[in-house]
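Hello,

Here is the structure we spoke about, with the sequence alongside. My notes follow below it.

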Amino acid sequence: MANKKLKIEFTTYIDVLQYLVGMHYLFIPEKIVKKAGGIGTRLLCTVNNEKPYQCGMVSLGNGTAYISINKKRLKDAGLSKGDEVQVVLEPDTSEYGMEVPDELQELFKQDSEGFKRFEGLTPGKQRYIINYVATVKSPQLRVDRAILLIENLKKLPIGKESFRAMLGLE
């Protein structure tokens, strides 16, 4: 477990994962992976003093890892593949590893059964639901997505909560 007060500063570069449709990432050397708490550790990542974002380290092999960085962040910071960047990593002490949209929080207040089922999911599946709801701009679409996922979740047998099933595709 990473030290809750740990702040790691280092220089790295931006690269692209070709097998993930050109997804950009920050290369994380092995010594930083270890210092930050290992693969899967939830972190706050700040690149070149821009706004921090929540993330996790994913294995690249040989002890190294990557942290994805989306195209909007790259564009806003004027960055691209090969650029060297200053990175600050700090522990993410939030409950779910990402901000829960207001629409989902409100649904949980009104639907205790849905919230209980959500709480029983793995952290990765919880983040999937949060992200799926949060990634649309329209408040009504966020409400619709939250209701869809939680209603479908409540219908599924415990232990059988696949993403496709939560979307109503199975």
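How many residues line the largest pocket, and which of them lie nearest its centre? The lining has 42 residues, and those nearest the centre are Y53, Q54, N70, R73 and M98. Please keep in mind that this is a predicted model.

The volume of this pocket is about 1,300 Å³. Its lining is made up of 18 nonpolar, 11 polar and 13 charged residues. Several elements supply at least two lining residues each, among them the strands β2 (23-28) and β3 (42-47) and the helices α3 (102-110) and α5 (123-134). The largest share, six residues, comes from α2, which spans 71-77.

The largest nonpolar core has 22 residues, and L26, I28, I67 and L89 have the most contacts inside it. Elements that each supply at least two residues of this core include β1 (8-17), α1 (30-36) and β7 (84-91). Apart from this core lies another, of 18 residues, including V100, F118, I130 and L153.

Leaving aside residues up to four places away in sequence, I28 touches F10, V33, M57, T64, A65, Y66 and I67. T64, in turn, is found in strand β6. T64 counts as buried because its relative accessibility is 16%, and the cut-off for buried is under 20%. A polar atom of the T64 side chain lies 2.8 Å from the backbone oxygen of G61.

Regards

Notes: Residues are numbered from 1 along each chain as its sequence is written. This is a predicted model: local features need pLDDT of at least 70, side-chain atom pairs count only at pLDDT 80 or more; totals for chains, interfaces and linings use all residues. Side-chain values use heavy atoms; hydrogens and water are left out. On a 1 Å grid over the protein atoms alone, a cavity is a set of points where a 1.4 Å probe fits but cannot get out, and a pocket is an open set with protein on both sides within 12 Å along at least five of seven lines; lining residues have an atom within 4 Å of a point. Grid points are joined across faces, edges and corners, and a volume is the space filled by probe spheres set on the points. Helices (H or I, at least four residues) and strands (E, at least two) are DSSP runs, numbered from the N terminus. Ala, Val, Leu, Ile, Met, Phe, Trp, Tyr, Cys and Pro count as nonpolar, Asp, Glu, Lys and Arg as charged, and the others, Gly among them, as polar. A nonpolar core is a set of buried Ala, Val, Leu, Ile, Met, Phe, Trp, Tyr and Cys residues joined through side-chain atoms within 4.5 Å. Buried means under 20% relative accessible area, exposed over 50%, partly exposed in between (1.4 Å probe, protein chains only). Contact means heavy atoms within 4.5 Å. A polar contact is a pair of N or O atoms within 3.5 Å; within protein, one must be able to donate a hydrogen and the other to accept it, and residues adjacent in sequence count only if both atoms are side-chain atoms.
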